[in-house]
Amino acid sequence: MKNKQIQRVLTIFLMIVVGNGYGVYSQEQNGNHAIRNVVLVHGAFLDGSGWEGVYQELTQRGYNVTVTQHTLRDFDDDVAVVEKVISQQDGPCILVGHSYGGVVISAAGNQPNVACLVYIAAHAPDAGELRADLVKKYPSAYKSLIKGDDGFDIVNPAKFAEDFAVDLPIERATFMANAQVPTADKVFRAVIQKPAWKYKPSWYMVAGADRIINPDLERFYAARAKSKKVVEIKGGSHAIYASRPKDVAALIIEAAAHAGKKN
């Protein structure tokens, strides 16, 4: 009899625990954030596969995540690809950009169903602003850019791990170095006319050890955009979107929750 009573108590306890757990999960999926769609936009030299860790973190929490695969050949074409992906979302979305992808989302983010922007070690230029002028003021540390005679650039594979992805395992950094997408040099001179961060809320992650974009330039971008929250990852490389997926996902989730309160 005593054993049956113990089993009954344990059963009730488990029902409460499981019920509470389900309640928390359901609340996150259906109540606390109205924004469930996330669009991840990659930067120069690489494709969208670097977002895999962030994708996994978000989809496991019930978000609908789309990773863009723009070609890095023409800025207007890249924006058009991202705008197409945005138009395919079934409701408002969070638009996330890394590096050059920040320029793309600053233009594409004007689409009406973009609720907010999240910049991950990314450029966030103003209207008519040349990034070359900003880089002169906030010089980058890396010297490994190779400009091809054909108008396409890459990062020297021998220096890639040190300059781009020092906080990734060397095997993965080496793979990324040898899987680069040659990027048209002209996209780095692209100028936008209506930066979405002036009209929509933004969040920003600074990579504290970034050698591709000066961390001070990243801090400048975040301050100028009046980003709702700025997170700085000490020791984070330019590849922070790949090396710190949990931190990146957490910032996106916070942005989704905040934007969702207004939608």
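**Note on the predicted model**

1. Asp 90 sits in the loop that runs between helix 3 and strand 3. Helices (H or I, at least four residues) and strands (E, at least two) are DSSP runs, numbered from the N terminus. Asp 90 counts as exposed because its relative accessibility is 66%; exposed means over 50% relative accessible area, buried under 20%, and partly exposed in between (1.4 Å probe, protein chains only).

2. This is a predicted model, in which local features need pLDDT of at least 70 and side-chain atom pairs count only at pLDDT 80 or more, while totals for chains, interfaces and linings use all residues. Residues are numbered from 1 along each chain as its sequence is written, and side-chain values use heavy atoms, with hydrogens and water left out.

3. What does the side chain of Asp 90 make a polar contact with? The partner is the side chain of Asn 37, at 2.8 Å. A polar contact is a pair of N or O atoms within 3.5 Å; within protein, one must be able to donate a hydrogen and the other to accept it, and residues adjacent in sequence count only if both atoms are side-chain atoms. Arg 36 is 54 residues from Asp 90 in sequence, and their C-alpha atoms are 9.4 Å apart.

4. Helix 3 (residues 75-87) has 13 residues, and its first and last C-alpha atoms are 18 Å apart, close to the 18 Å expected at 1.5 Å a residue. The expected span is 1.5 Å times one less than the number of residues.

5. Which residues of helix 3 are buried? They are Phe 75, Asp 78, Val 79, Val 82, Val 85 and Ile 86. Seen down the axis of helix 3, these fall within an arc of 120°, so they line one face; the arc is that of the directions from the helix axis to the C-beta atoms. The face turned away from the buried side carries the exposed residues Asp 76 and Lys 84.

6. The buried residues of helix 3 pack against several elements, including strand 1 (37-41), strand 3 (93-99) and helix 4 (101-108). Contact means heavy atoms within 4.5 Å.

7. For the chain overall, there are 10 helices and nine strands. Buried residues make up 49% of its 263 residues. Of the contacts with a separation of 6 or more, 73% are between residues 24 or more positions apart.
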